[in-house]
Amino acid sequence: MTVASLLGERKLRIAGGVVLAVLAVTVAFPVVSMLRRFLGIGTDGGLETIFTASTLEILGFTIWQAALSTGLTLVLGFPLAAVLARYRFPGRSLIEAVTLVPFVLPTVVVAVAVQRMMTGLGFEIDGIDGSLTAILVAHVIFNLSVVVRVVAGHWRSLGRHPEESAAVLGAPPLRVFLRVTLPMLRPAIISATAVVSLFTFTSFGVILILGGLSRATLETEIYRFAIVRNDFGGAAALALVQALAVAGLAVGNQRLQRRVPPGRSGGPARRPTGRIEPVVVVAVVAVTLAILLAPLASLAWRSVRVDDGLALDHYRNLFTRPAVLPVSPIRALMNSLVFAAVAGLLAAVVGGLAAFAAQARSRIGRLVESAALVPLGISAVTLGFGYLIGFTFWELRRSPVLVVVAHAVIGVPFVVATLAPAIRSLSGGLIEASATLGAGTARTLTRVVMPLLRPALTAGAGFAAVISIGEFGASGFLARGRSSFTAPQAVFGLLGQPGASLQGQAAALCVVLGLVVVAVVVAIDRGRGTVGRGWL
């Protein structure tokens, strides 16, 4: 007996209908609002915005920086993936966990950390070359764990017999790698490339903080058109271009990930032998950890640096509201935590219903699962802008409601991606045994099914909350006033003002924000056993 047969087709269809109605209001309606604004009379400059030379230049830079960032991430992440997949050594699990830290951190934290590191090393990041270098460094640090986890995970599952056979036949190690190992890894490499390309193409906080006025992508231009220039027609045109591009990347990513074959019984990792292998392992691990942790160390150092000494003044100042912010930084952090808790709960409810409805045997099951993953194909900036121009009634734009709803919608796909496979893998024997012993549907669901699914559901909701804590794209459009101002916005507001004190507060707030996120991820890891199993 399966979950579908336990609940019945009718109940699954009702759950699917509820999910589709929610997504119609929270996802389809904002997109349609943008389309209506774009297809208006034309006085807002919709078509004119698309076909200008500056827009095409911005689109070109968006694609170019994403391609360059992805290539660098693959080059720097592949050696560590090889080391973690093939060798067994003390601290390997810890190193894998450390590589995940920058990925789960808010983008503003990573951007500020890179900014502090490069400034401390004497780089001028205000210029065109410096800003591009900083953007590339931040993207590599943020996305390195994607390459490591995807490629290393697939590499571990590969059998070693083809490589051993080639070696026995006299092929040198380089030839074995190029002719045997690399072709077997190609699906995982392509999948990792697609994921990183999607992340770098839709990068917002990194570009806005590090690129400044010298570098602009579609994401940052949508923000500038809507918030700075108050040109909603032009912003709608750019948002639709962005939505089409991101949707294409997301569809391509899903198809490429299906090409990754299921893992076979791979050979166990072995200890490094000889003189060269231990040196290579140590060198790869040391260099990669230096790349990942040096910016975070620079950020922590800047947060306690006061004049020529060390002190905690910047942390104490987080409780005081500076003139440039509507609330104190610590109040903004509390807002983010409250929003994250509510958004995680909402994402768990909607995503949970979608995951159960996806078990339906009819077409609605596939439709609901696909619809629940649609927010992955819409950037947070596009979604936030759609809310801004769509929900103009009931004064919703002045309340925190839209911020929470946007955060929850962004988190729904992660709940579905984590929970739906867990539901499919449930033991039918336990469900059937419960029914045989006389338990009704409700009792079996609450006493047998849900306890088994609780780790996956908690992990999905927790990751949705983590995304909400660091969310910056949608909040930049929707968060207005004291009650909806978030911690990432406070960081951005402090960075935009001169003065060592404000810059120090920004660094201190980033450190606190990062520690909160890491604490949440560690809690998820302990409850589930492994972080990110259903997300990467």
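Guide: What follows covers a helix and then some aromatic rings.

Guide: This is a predicted model, in which local features need pLDDT of at least 70 and side-chain atom pairs count only at pLDDT 80 or more, while totals for chains, interfaces and linings use all residues. Residues are numbered from 1 along each chain as its sequence is written, and side-chain values use heavy atoms, without hydrogens or water.

Visitor: OK, helix α2. What should its residues span?

Guide: Helix α2 covers residues 9-38, and its 30 residues should span 44 Å at 1.5 Å a residue. Its end C-alpha atoms are 41 Å apart, which agrees. The expected span is 1.5 Å times one less than the number of residues, and a helix here is a DSSP run (H or I, at least four residues), numbered from the N terminus.

Visitor: Where is the kink in α2 centred?

Guide: On A24, where α2 has a kink of about 40°. The bend at a residue is the angle between axes fitted to the seven residues ending there and the seven starting there.

Visitor: And which residues of α2 are buried?

Guide: Among them are L12, A15, G16, V19, L23, T26 and V27. Further along α2, P30, S33, M34 and F38 are buried too. Buried means under 20% relative accessible area (1.4 Å probe, protein chains only).

Visitor: New topic. How many aromatic pairs are there in the whole structure?

Guide: A search finds 12. Rings of Phe, Tyr and Trp (its six-membered ring) pair if their centres lie within 6.5 Å; planes under 30 degrees apart are stacked, over 60 edge-to-face, and the rest tilted. F204 and Y223 form an edge-to-face pair, at 5.6 Å centre to centre with 65° between the planes.

Visitor: Which parts does that pair tie together?

Guide: F204 lies in the loop between α9 and α10 (205-211) and Y223 in helix α11 (residues 218-228), so the pair ties together parts 19 residues apart in sequence.

Visitor: Is F204 buried or exposed? What about Y223, buried or exposed?

Guide: F204 is buried, at 6% relative accessible area, and Y223 counts as buried at 14%.

Visitor: What about F414 and F463, how far apart are their ring centres?

Guide: Those centres are 5.2 Å apart and the planes are at 65°, so the pair is edge-to-face. F414 lies in helix α18 (residues 401-424) and F463 in helix α20 (residues 441-470), so this pair ties together parts 49 residues apart in sequence. F414 counts as buried at 18% relative accessibility, as does F463 at 7%.

Visitor: Back to F204. Which residues form one aromatic cluster with F204?

Guide: Y223, F385, F472, F477 and F492.

Terms used:
Helix = DSSP H or I, 4+ residues; strand = E, 2+ residues; numbered from the N terminus. Buried < 20%, exposed > 50% of the residue type's maximum accessible area, 1.4 Å probe, protein only.
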